[in-house]
Amino acid sequence: MRYILLLGGNLGNVEKTMRDAIKRIALLGDVPLVSSVYESEPWGFEAENLFKNMAVELDTDLEPLSLLDELQRIEREMGRRHKTVNRQYQSRTIDIDILLCDCRVVDVERLAIPHKLMHLRRFALEPVAEYWADWQHPLLNKTIAELLEQLQ
(Lines give C-alpha, C1' and ligand atoms only; values in the text may rest on other atoms or scores of the structure.)
Protein backbone atom coordinates (compact mmCIF):
# COMPACT_ATOMS: atom_id res chain seq x y z
CA MET A 1 0.00 0.00 0.00
CA ARG A 2 1.11 3.53 -0.68
CA TYR A 3 0.63 6.01 2.15
CA ILE A 4 1.24 9.74 2.47
CA LEU A 5 2.35 10.66 5.98
CA LEU A 6 2.73 14.10 7.52
CA LEU A 7 5.57 14.68 9.96
CA GLY A 8 5.77 17.75 12.12
CA GLY A 9 6.86 19.33 15.34
CA ASN A 10 7.89 22.57 16.98
CA LEU A 11 10.15 21.61 19.90
CA GLY A 12 13.88 20.95 19.78
CA ASN A 13 15.79 20.37 16.55
CA VAL A 14 12.68 19.50 14.54
CA GLU A 15 14.43 18.90 11.21
CA LYS A 16 16.85 16.43 12.78
CA THR A 17 14.00 14.74 14.63
CA MET A 18 12.04 14.39 11.39
CA ARG A 19 15.10 12.94 9.58
CA ASP A 20 15.51 10.42 12.42
CA ALA A 21 11.80 9.56 12.21
CA ILE A 22 12.11 8.98 8.45
CA LYS A 23 14.94 6.50 9.08
CA ARG A 24 12.67 4.59 11.45
CA ILE A 25 9.72 4.78 9.05
CA ALA A 26 11.96 3.38 6.29
CA LEU A 27 12.30 0.20 8.36
CA LEU A 28 8.56 -0.35 7.76
CA GLY A 29 8.82 -0.23 3.96
CA ASP A 30 10.15 1.86 1.09
CA VAL A 31 10.30 5.68 1.34
CA PRO A 32 10.64 6.83 -2.29
CA LEU A 33 9.82 10.53 -1.79
CA VAL A 34 10.12 13.13 0.96
CA SER A 35 8.93 16.72 0.58
CA SER A 36 10.77 19.85 1.58
CA VAL A 37 10.27 21.28 5.08
CA TYR A 38 7.52 23.88 5.44
CA GLU A 39 7.04 26.29 8.35
CA SER A 40 3.66 27.30 9.69
CA GLU A 41 1.92 28.90 12.62
CA PRO A 42 0.52 26.53 15.25
CA TRP A 43 -2.98 25.33 14.36
CA GLY A 44 -5.65 25.31 17.04
CA PHE A 45 -3.50 26.72 19.84
CA GLU A 46 -0.82 29.31 20.60
CA ALA A 47 2.85 28.40 20.91
CA GLU A 48 6.17 30.22 20.97
CA ASN A 49 7.69 28.23 18.11
CA LEU A 50 6.57 27.82 14.53
CA PHE A 51 5.86 24.29 13.36
CA LYS A 52 7.87 22.52 10.70
CA ASN A 53 6.15 19.92 8.55
CA MET A 54 7.03 17.58 5.71
CA ALA A 55 5.23 14.89 3.75
CA VAL A 56 6.61 11.38 3.27
CA GLU A 57 5.52 8.63 0.89
CA LEU A 58 5.66 5.13 2.36
CA ASP A 59 5.16 1.92 0.40
CA THR A 60 4.50 -0.93 2.82
CA ASP A 61 2.55 -4.15 3.23
CA LEU A 62 1.22 -2.94 6.59
CA GLU A 63 -2.52 -2.50 6.91
CA PRO A 64 -3.63 0.95 8.18
CA LEU A 65 -4.16 0.05 11.84
CA SER A 66 -0.89 -1.87 12.00
CA LEU A 67 0.88 1.12 10.47
CA LEU A 68 -0.77 3.43 13.00
CA ASP A 69 0.53 1.23 15.84
CA GLU A 70 4.05 1.31 14.39
CA LEU A 71 4.00 5.09 13.88
CA GLN A 72 2.76 5.67 17.42
CA ARG A 73 5.53 3.40 18.69
CA ILE A 74 8.08 5.50 16.76
CA GLU A 75 6.60 8.70 18.23
CA ARG A 76 6.84 7.30 21.78
CA GLU A 77 10.41 6.07 21.25
CA MET A 78 11.32 9.56 20.06
CA GLY A 79 9.92 11.20 23.20
CA ARG A 80 6.43 12.04 22.02
CA ARG A 81 3.87 12.76 24.68
CA HIS A 82 0.12 13.24 24.31
CA LYS A 83 -1.15 15.39 21.44
CA THR A 84 -3.57 17.16 23.72
CA VAL A 85 -3.86 18.05 27.38
CA ASN A 86 -7.41 18.75 28.53
CA ARG A 87 -8.47 18.64 24.85
CA GLN A 88 -6.02 21.44 23.94
CA TYR A 89 -3.29 20.86 21.34
CA GLN A 90 0.27 21.10 22.69
CA SER A 91 3.73 21.80 21.31
CA ARG A 92 5.56 18.59 20.40
CA THR A 93 8.88 17.17 19.29
CA ILE A 94 7.36 14.87 16.65
CA ASP A 95 3.96 14.12 15.21
CA ILE A 96 3.34 11.53 12.50
CA ASP A 97 -0.08 11.44 10.87
CA ILE A 98 -1.42 9.16 8.16
CA LEU A 99 -3.07 11.49 5.63
CA LEU A 100 -3.84 9.20 2.69
CA CYS A 101 -3.62 5.55 1.68
CA ASP A 102 -4.02 4.90 -2.03
CA CYS A 103 -7.74 5.53 -2.66
CA ARG A 104 -8.81 3.78 0.52
CA VAL A 105 -11.20 5.14 3.11
CA VAL A 106 -10.82 4.03 6.73
CA ASP A 107 -13.13 5.36 9.43
CA VAL A 108 -12.79 3.62 12.77
CA GLU A 109 -12.48 4.99 16.28
CA ARG A 110 -8.67 5.06 16.23
CA LEU A 111 -8.06 6.15 12.66
CA ALA A 112 -9.59 8.10 9.80
CA ILE A 113 -8.07 7.96 6.31
CA PRO A 114 -8.12 10.36 4.64
CA HIS A 115 -7.26 12.49 7.65
CA LYS A 116 -10.48 14.28 8.60
CA LEU A 117 -8.96 17.78 8.78
CA MET A 118 -6.26 17.69 6.11
CA HIS A 119 -8.37 19.61 3.56
CA LEU A 120 -8.60 22.52 6.04
CA ARG A 121 -4.91 22.66 6.92
CA ARG A 122 -2.46 24.50 4.69
CA PHE A 123 0.42 23.00 6.71
CA ALA A 124 -0.71 19.54 5.55
CA LEU A 125 -1.67 20.35 1.96
CA GLU A 126 1.43 22.38 1.01
CA PRO A 127 4.00 19.63 1.64
CA VAL A 128 1.74 17.02 0.04
CA ALA A 129 1.19 19.19 -3.03
CA GLU A 130 4.94 19.29 -3.68
CA TYR A 131 4.99 15.74 -5.12
CA TRP A 132 1.46 14.42 -4.82
CA ALA A 133 -0.65 17.34 -6.10
CA ASP A 134 -2.59 15.01 -8.40
CA TRP A 135 -3.59 12.59 -5.62
CA GLN A 136 -7.34 12.46 -5.28
CA HIS A 137 -9.06 12.91 -1.93
CA PRO A 138 -11.33 9.84 -1.99
CA LEU A 139 -14.22 11.51 -0.15
CA LEU A 140 -14.11 15.04 -1.56
CA ASN A 141 -13.23 13.92 -5.11
CA LYS A 142 -10.73 16.74 -5.51
CA THR A 143 -7.00 16.64 -6.02
CA ILE A 144 -4.59 17.92 -3.39
CA ALA A 145 -3.86 20.85 -5.73
CA GLU A 146 -7.56 21.71 -5.91
CA LEU A 147 -7.93 21.51 -2.13
CA LEU A 148 -4.93 23.78 -1.64
CA GLU A 149 -6.26 26.26 -4.17
CA GLN A 150 -9.56 26.40 -2.27
CA LEU A 151 -7.70 27.54 0.85
CA GLN A 152 -6.07 30.49 -0.95
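Contact here means heavy atoms within 4.5 Å, while helices (H or I, at least four residues) and strands (E, at least two) are DSSP runs, numbered from the N terminus. This is a predicted model, in which local features need pLDDT of at least 70, side-chain atom pairs count only at pLDDT 80 or more, and totals for chains, interfaces and linings use all residues. Residues are numbered from 1 along each chain as its sequence is written, and side-chain values use heavy atoms, with hydrogens and water left out.

**Exercise 1.** Find which residues of H1 are buried, and what covers them.

*Solution.* Start with the burial cut-off: buried means under 20% relative accessible area (1.4 Å probe, protein chains only). Then look at the cover, which includes strand E1 (2–9), strand E3 (51–59), helix H2 (64–77) and strand E6 (95–101).

**Exercise 2.** Describe the largest nonpolar core.

*Solution.* A nonpolar core is a set of buried Ala, Val, Leu, Ile, Met, Phe, Trp, Tyr and Cys residues joined through side-chain atoms within 4.5 Å. The largest has 25 residues, and Ile25 and Ile98 are among those with the most contacts inside it. H1 gives the most to this core, with 5 residues.

**Exercise 3.** Repeat the burial search for helix H4 (residues 144–151).

*Solution.* Ile144, Leu147 and Leu148 are buried. Their arc is 100°, so they line one face of H4. Among the elements covering them are E6 and helix H3 (122–132).

Notes: Buried < 20%, exposed > 50% of the residue type's maximum accessible area, 1.4 Å probe, protein only. Arc of directions from axis to C-beta.
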